[in-house]
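Welcome to this short tour. Please open your viewer, load the model and keep the selection panel at hand.

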Amino acid sequence: MVERVRTACQVVIALLTSLRTSELAAMPLDPCVPPQNLGAGRTRYRLRTKLIKGQEQLGGPWDERVTVAPAYDAVALAIDLLDPRHPSKHVFGRTTMAKR
């Protein structure tokens, strides 16, 4: 069940942020930049990962994407659900949606 919820998180994040599969795979374990209060009840949420599209070198530079709260929360949930017995450097790593 945990993997199904993590898969749902991955789908939500992909849909709401337009991150590519490779950018999701490159997302580190600390991708959530602290929310920025913009006043008047507005908050800016950002996620950190590697920029892949249009880069000459593999991996690309670090990039921060502005996103919506549900995507930000989905990343936090996916991190909380990581199996501590299998340490990882990335939130999702290399996965294929077909196998999930």
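**Stop one: the nonpolar core**

Start by selecting Ile13, Leu24, Met27 and Phe92, the residues with the most contacts inside the largest nonpolar core, which has 13 residues. Such a core is a set of buried Ala, Val, Leu, Ile, Met, Phe, Trp, Tyr and Cys residues joined through side-chain atoms within 4.5 Å; buried means under 20% relative accessible area, exposed over 50%, and partly exposed in between, with a 1.4 Å probe and protein chains only. Next, colour helix 1 (2-17), strand 2 (42-50) and helix 3 (69-80), each of which supplies at least two residues of this core. Helix 3 gives the largest share, 4 residues.

This is a predicted model: local features need pLDDT of at least 70, side-chain atom pairs count only at pLDDT 80 or more, and totals for chains, interfaces and linings use all residues. Residues are numbered from 1 along each chain as its sequence is written, and side-chain values use heavy atoms, leaving out hydrogens and water.

**Stop two: Met27**

Which residues does methionine 27 touch? Not counting residues up to four places away in sequence, show Leu19, Arg48, Thr49, Val75, Lys89, His90 and Val91; contact means heavy atoms within 4.5 Å.

**Stop three: Leu15**

Now select leucine 15, in helix 1. Leucine 15 counts as exposed because its relative accessibility is 69%.

**Stop four: the whole chain**

Zoom out to see 3 helices and 3 strands, running α-α-β-β-β-α from the N terminus. Helices (H or I, at least four residues) and strands (E, at least two) are DSSP runs, numbered from the N terminus. Buried residues make up 29% of the 100 residues.
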